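Have the structure open while you read.

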Amino acid sequence: MKVAVLDTGYDPGHPDLKSKVDAMRNFTDEGDGDTVGHGTHVAGTIAGTGAASNGKYAGVAPGARLLIGKVLGEYGGREDWIINGMQWAVDNGAKVVNMSLGGGVTDGTDLMSQMVNQLSESTGALFVIAAGNSGVPESVGSPGAADRALTVANVTKSDTLSVTSSQGPRAGDYGLKPEIAAPGTDIVAARAAGTLAPVSINEHYAKISGTSMAAPHVAGAAAILAGQHPQWTGEQLKNALISSAKRLPGINTFAQGAGRLDIARGVAQQVRAEGVIAFGNLWGKQDAVRKITYVNDGPDPVRLALTLDVQQKHGGPTNLFSTDKTVTVPAKSSASVTVTAHAGDQPAGEFHGVLRAQAGDVVLTTPLTANLKGSKNTLTVKVPSREGDPYRALVIVQNEETGVADGYVTESGEATFEVPVGKYRALGQILDPSFATTMFALPVQVSGNTELTVDSKQAKKVTVGIDDPDARVQSGGGIGILSDVDELGPRLGAAVLAGGPATNLYTLGGHRMRGLSLNSSSYWTHPWAVITADGPGGFEFRNVYAPLDVDFGKLTARVVDVGPADTESIEKAGDVTGAIAMIRPQDWSSPGYPPEEQLRSGIELLKAKGARAVISYFHPALHDQTPPALSTLLTYDQTDLIGVQELLKQRQVELTLTVRPDSPVAYFLADAVRGVVPTGHDFQFRTDSLGRIDRQFNNTLPKGTYRYQVAVLTAGGLIANAEVETKWPQRRTDYVSAGAELLLYSAAGFWEKGDFGAEVSLPVRLKPGERRATKVFAAPFGPELTQPPVSRQDGKPVPAAYRLGDRITLAIPMFADSDPGNAGEFDETNVGSTVLVKDGKPIGRRDDRPGLGEFPVPAGPGRFQLTADATRPQSETQAPPLSTKTRAEWTFKAPAGSDQRTALPLLDVRFDLPLDEQNTAAAGKPLSGKVTAAHQPGARPSWIVELSVEISFDEGKTWQRAKVRGDRVELPAGQAGFASLKATARDSAGNSVTETVIRAYAIQ
């Protein structure tokens, strides 16, 4: 049976897929190989032989034949690639087409969804499609939204819903999606060479999660059924799989469809149900009918007992649906029943459930969804601009009782909705032609056709400030209206977000409503450069950037307009001696970029004529990155330069340029007004009311390398991101709003595939005035066992090394910095080996990655040895080139496995050394610092009874003992070069570790 896999391609060299593929076609503009790994994993889940695991990780249908269509590349795929792949698959005889991919949320009328419907009808193929990984209602995307698709949700191996699985109903028409669920969490399948390293369990397999992993389970099951019934159409296969699914308790139909895939029942049962009970949106008083047909392929008639099990989504009457109590299906024939929804004029709400049909061991499940909306009313929300004609507005209408919201962007000045009677909230934002933004939150009662006008002229300004006159707000963060009608309960929420600084922003509200809030998040710093136009009518520039090479302190001088810096414009400008030259477009109506050579030559000429500095709308070093002849500040807001031009028409203008090497502070500010969106608000912050983190950022790269950090600020239900530009080394005080959580992502270096050696500064919640201190990228860089992340699925920690059942799972960073307040990210540049031994016998090994993998272990407790050897070639690109190699040898006792993750009692040695900001010690002088040992968090603690340190000045060839007293270590003096460290720790329970770091720090 042929199954097509439309994905990222496959690895033809993988042992599990050799001789499994009948045809391969590349529809992308990339090479044929699978450089992502997704497609290989999906193909292995469907039909992998398990050859690389002695059959352990064989696919669902290892007898199936595969057609591989590469329709996705490293950065996704185009619609035409995917559609061409769909056509190719059915043209080449695919009975089942797996599509573990998806786009935006639709109502199923989009092009890709319609193509699924068309090809399903014309060819009889079954398209099995992933529901998506948004984890919220009404989030099934294209092409999974197609009527004819069999759309698959993700459940865990313990039959709980994955928190990331996209849920129905289908957006727009309340269609029934997904129809079935399947295991999609922690699925181990084939790994394409060189891919999926962070989630690999060994060289040949990786463990990943998502509806992309659930869909191929269903596709493989469909192939098995198709082999059993080669005459069946795709629609018959779909119905058989849906109706034989196992209903899972505690999960609604919107999330699991009929239930979890049960291929054993699907193969065994000779009776199936055809169709699903999708009522969609029902308006007004009516008796709506849906037909379900039962087909009996067996030799005897079957009398089915019918039961409707229907629940109201938020509680309420459920006796609004009816059907027959029994139906007899003749042998080799079919019989139909109808299910009736009794809708009235009053809204009855959203319903989900199943129709069960049972006769002995035969159990058939048909999913049901309906939205009984009552009488239809038109709600018109008028959204005039503060000034001028309507430009653009987002309008959302949210039901006060259910939280259900509908919204769209209008350019007509009004938005119209069809809604039941009830109480609503009108939320949104209006963008004026002048780019002023008005956000609003207003109540509205609907008892018939209703009109609401948002009087944006009554809105008042929103401002944000901090009591630091040198601080300026940066991009990132924003203002948001959050509306959660039952305050973190099960009902849906809605949000209106205006990203970036609160500039020219207004709000209109004043009405108290439960779960409503106006939220502010912002990032402030002392900018690298500030430009002010001095004198009457002067102003501060809004958007200034100082390249890394510019650092001249403060300069005040007259400004001379030199246009686009061509020779003619410079000569026409006259005397530029001692002046600041302003480079701008010749014509603001068509601000074309002049040639870079013209800009650089112009700046050389300006220097020759005596100019002191340049401000420019154009970057003179985009391609040739050597600094231009004069210090050049970039200013990208044309309003600022036009403002200078206007002032020059009136008088001579002086500019003051202020450039600082780095900012000593950063402010991460968050606050909220709860229970109401006020009409205007001033979010003011005081430094003494904030928490404080004193940070030291050690440099790991050559001087002048551009650096940035990603900051994530979480507060009050709003998550805001900001990019923090820095120059390292740096000492900076981060002020954070009390109760907010700030996470910082920093990279130690960069290579062809991105960054490496990343550290995440773990978020903490500070009280007003509370003070912490931390170091980032402080040597030595070595193995780390710090605070583990928490699983979104079960809310429990995921240790770096744990036992679950009879498996040990490892994800130990081998080049993390020395501060346990930071967590090292998995580093794809690391290579090496991992060896696991139990009671003296090797039981697991991988020779491609250090400290990483999943290893089966014998049942029962035991004594283990774990050795990880790590090399990071990219360390040689750092300055200084530290931690080229690390090694850790753990001995530990582990109890018998259970059904819970159990942290292994691994020891972690931590140094705190007084190195400089380049991780360097002075030559010829001893070094006195701290050393401690601790168990990984979550493990059973025991006393540390031994801790010793050795040092090497020849990269590990010879070692000498250092003095350790308590938590103090005295390291002997060394000559210029590098010091390597080896530390051994042992606890009272017999657990031990020896950690070795080659080039732990530099000596100069």
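Here, two residues are in contact when heavy atoms lie within 4.5 Å. Helices (H or I, at least four residues) and strands (E, at least two) are DSSP runs, numbered from the N terminus. The model is predicted, so local features need pLDDT of at least 70, side-chain atom pairs count only at pLDDT 80 or more, and totals for chains, interfaces and linings use all residues. Residues are numbered from 1 along each chain as its sequence is written, and side-chain values use heavy atoms, with hydrogens and water left out.

**The helix pair**

| Helix | Residues | Residues in the contact |
|---|---|---|
| α4 | 211-228 | Val-218, Ala-221, Ala-222, Leu-225, Ala-226 |
| α5 | 234-243 | Leu-237, Ala-240, Leu-241 |

How are α4 and α5 packed? Their axes are 10 Å apart, at an angle of about 115 degrees. That makes α4 roughly perpendicular to α5 (the word covers 65 to 115 degrees). Axes are lines fitted to C-alpha atoms, for helices over the stretch in contact, and angles run from 0 to 180 degrees between N-to-C directions.

**The sheet**

Five strands make an open sheet, in the order β44-β43-β46-β49-β53, with antiparallel pairing. Strands pair if DSSP finds at least two bridges between them. At the edges sit β44 (718-726) and β53 (822-824), each pairing on one side only. From one strand to the next, the twist averages 20 degrees.

Now find β43 (residues 707-715) and β46 (residues 741-746): five bridges join these antiparallel strands. Leu-713 stands opposite Leu-742 in β46.

How values were computed. Angles under 35 degrees count as roughly parallel, over 145 as roughly antiparallel, 65 to 115 as roughly perpendicular and the rest as oblique.
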